[in-house]
Amino acid sequence: MKPAKAFPALIICAILLISCGAPRESGTIPDAGGNDFHIVTSFYPIYVLTINVAGDIPGVRVTNMTEPQSGCLHDYELSPADMKALEYADLFVINGAGMEAFIDEVKKAYPDLAIAEAAKDIPLIIDEHTGEPNPHVWVSISNAIRQVDNIKKALAEADPAHKEQYSRNAGEFKDKLQVQKDRMHEELNDIRSRDIVTFHEAFPYFAQEFGLNIAAVIEREPGTEPTAAELEETIEIINALGVKAVFAEPQYSARAAETIAAETGARVYILDPLVTGPKDADPGSYVETMEKNLQTLIEALK
Ligand SMILES: [Zn+2]
């Protein structure tokens, strides 16, 4: 709706010799979405959480900045299309906790853009290898509930006209998340083995929530194949603990996981940290994916 850069807006005002009043009534910007409140999200999991809060409200639009198959945004570089998507954003909803390493670039280009951090005030786990906070908070359902609250609050502040709808939607979604969380606690209470090996550092919050122990992580650096020494170290841990399940992720090649499985006799399963999905993401996909993960864990660990 409104351009986030004041400069071009001023030029347009000057050229058209009109008064630029409240930005939502502007309408001088072609194809700017009229009076819709335009929310842009940084990547897939934040998009899915946000459409549950805002998706069905007339006059509110939610657009995901990155492609739904982009995956985690570690080392992500902004494209011209990404920058374009932010041009008419009224609010940019990001995960925060260091996931969007490019955020300073956005702030520089659009100093007036309102930015909401979904991970705000969530206690972060510090990665023992990097010393940096682990940003994958949404993979724990308890944290996803907190993120929904943060998103709801930010939306209501930025767009008070739809405050009640945001609040109602968030409440309904949080109920569904709570039901799924309770179900998973119940099912995972009596699993035989709690040691797991995961693919990249996406699962510490999930493991913390359900009392699982991540014995090793295959790819320390996402997108980079483990070194021979790292692979060897993982294999030793698996053999020493008798780990039965190695969890690959749908977003990454399972080659390293299969090598490890062949060397140890552990089986490879797929655990989905919800970082990618279809272009027309379904609001129900968070709970559905968690249900799939639950079934996988039951099969692998019971
Ligand atoms: Zn990641």
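A: Phe206 is buried, with a relative accessible area of 0%; buried means under 20% relative accessible area, exposed over 50%, and partly exposed in between, for a 1.4 Å probe and protein chains only. The model is predicted, so local features need pLDDT of at least 70 and side-chain atom pairs count only at pLDDT 80 or more, while totals for chains, interfaces and linings use all residues. Residues are numbered from 1 along each chain as its sequence is written, and side-chain values use heavy atoms, with hydrogens and water left out.

Q: Why is Tyr76 called partly exposed?
A: Its relative accessibility is 21%, and therefore Tyr76 counts as partly exposed. Phe102, at 3%, is buried.

Q: How many aromatic pairs are there by the ring rule?
A: There are 5 aromatic pairs. Rings of Phe, Tyr and Trp (its six-membered ring) pair if their centres lie within 6.5 Å; planes under 30 degrees apart are stacked, over 60 edge-to-face, and the rest tilted. One of the pairs is Tyr76 with Phe102, edge-to-face at 6.0 Å centre to centre and 65 degrees between the planes.

Q: What makes the pair of Phe203 and Phe206 edge-to-face?
A: The ring centres lie 6.0 Å apart and the planes meet at 80 degrees, so the pair of Phe203 and Phe206 is edge-to-face. Phe203 is buried at 1% relative accessibility. Ring pairs link Phe203, Phe206 and Phe210 into a cluster.
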